[in-house]
Amino acid sequence: MTQLPVSQEKKRPVFLTVLCVIAFVHVGLSIIIGLFGTLTTSTYGWFETSGMLDLLVWGAKEFGLFFSLILLILSIIAFFGIIQLWNQLRIGFWTFSIPMILFLLVPLLSLPSGFWFVLIPNFIIVPLLIILFGFNYKRLKTIKSPSK
């Protein structure tokens, strides 16, 4: 008996899976911080007495609604890029990379230079993720348009 070939989908490399999980955690935390910052720009006084929650609204206290909202939107777009990377789509690399580069540039343009120390973890993690996702770019699939 011969078996008919079954359409096999490309199996996701372990390296790409690990990168996606790390990116999910990093961008997920950015979304949570951006959400707290956006929702609490007018009522952050309660959070000052709540211990660790004060860290989540620090940006809202210092820089306001506009800053928190921009970073929240960029994080959500990057999250969709990670979902596309998880599904091994090339467009996910660009959907993740462009918002994350803007995620680094917006604070540089809007923050005084004394506050740039806050960005040090992002300046390490984000470029590293973009470079490592770039190494997997050739393994990702392109979206094919339906033929007529």
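1. Contacts across the sequence come first. Of the contacts in the chain with a separation of 6 or more, 67% join residues 24 or more positions apart. Contact here means heavy atoms within 4.5 Å. The model is predicted: local features need pLDDT of at least 70, side-chain atom pairs count only at pLDDT 80 or more, and totals for chains, interfaces and linings use all residues. Residues are numbered from 1 along each chain as its sequence is written, and side-chain values use heavy atoms, with hydrogens and water left out.

2. Next, the overall make-up. The chain has six helices and zero strands. Its pattern along the sequence is α-α-α-α-α-α. Helices (H or I, at least four residues) and strands (E, at least two) are DSSP runs, numbered from the N terminus.

3. Burial and surface. Of the 148 residues in the chain, 32% are buried. Buried means under 20% relative accessible area, exposed means over 50%, and partly exposed lies in between (1.4 Å probe, protein chains only). The accessible surface of the chain is about 9700 Å². Carbon and sulfur atoms hold 72% of that surface. These areas come from the Shrake-Rupley method with a 1.4 Å probe; for residues, only the protein chains shown count as cover.

4. Now the helix pairs. Two packed helices are described by the angle between their axes and the distance between the axes. Axes are lines fitted to C-alpha atoms, for helices over the stretch in contact, and angles run from 0 to 180 degrees between N-to-C directions.

5. Take α1 with α6. Helix α1 covers residues 14-39, and helix α6 covers residues 120-135. They pack at an angle of about 150 degrees, and their axes are 11 Å apart. The two are therefore roughly antiparallel. Angles under 35 degrees count as roughly parallel, over 145 as roughly antiparallel, 65 to 115 as roughly perpendicular and the rest as oblique. The crossing of α1 past α6 is left-handed. That term applies if the near helix is turned anticlockwise from the far one by less than a right angle; clockwise gives right-handed.

6. Which residues of α1 and α6 make the contact? From α1 come Phe 15, Leu 16, Leu 19, Cys 20, Ile 22, Ala 23 and His 26. From α6 come Asn 122, Ile 125, Val 126, Leu 129, Leu 132 and Phe 133. By class, this contact of α1 with α6 has eleven nonpolar, two polar and no charged residues. Ala, Val, Leu, Ile, Met, Phe, Trp, Tyr, Cys and Pro count as nonpolar, Asp, Glu, Lys and Arg as charged, and the others, Gly among them, as polar.

7. Then α5 with α6. Their axes come within 10 Å and cross at roughly 160 degrees. α5 and α6 are therefore roughly antiparallel to each other. Their crossing is left-handed. On the α5 side, the contact includes Phe 93, Phe 96, Ser 97, Met 100 and Leu 104. On the α6 side, Asn 122, Phe 123, Val 126, Pro 127 and Gly 134 are among the residues. The contact of α5 with α6 has 13 nonpolar, three polar and no charged residues.

8. Two residues of α5 deserve a look. Ser 97 lies in this helix, which spans residues 91-110. Ser 97 counts as buried because its relative accessibility is 3%. Its C-alpha atom is 8.8 Å from that of Leu 129, 32 residues apart along the chain. Leu 104 is also in α5. Leu 104 is buried, at 9% relative accessible area. Beyond neighbours within four places in sequence, Leu 104 is in contact with Asn 122, Phe 123, Val 126 and Pro 127. Leu 104 and Leu 71 are 33 residues apart in sequence and 9.4 Å apart from C-alpha to C-alpha.

9. Ser 75 sits in helix α4. Leaving out neighbours within four places in sequence, Ser 75 contacts Val 27, Ser 30, Ile 31 and Phe 103.

10. Gln 88 lies in the loop between α4 (58-86) and α5. Gln 88 is not a glycine, although its phi is positive, at about 60 degrees. Gln 88 is buried, at 4% relative accessibility. Arg 12 is in the segment before α1. With a relative accessible area of 26%, Arg 12 is partly exposed. Not counting residues up to four places away in sequence, Arg 12 touches Thr 17, Trp 86 and Gln 88. The C-alpha atoms of Arg 12 and Leu 85 are separated by 9.8 Å, and the two residues are 73 apart along the chain.
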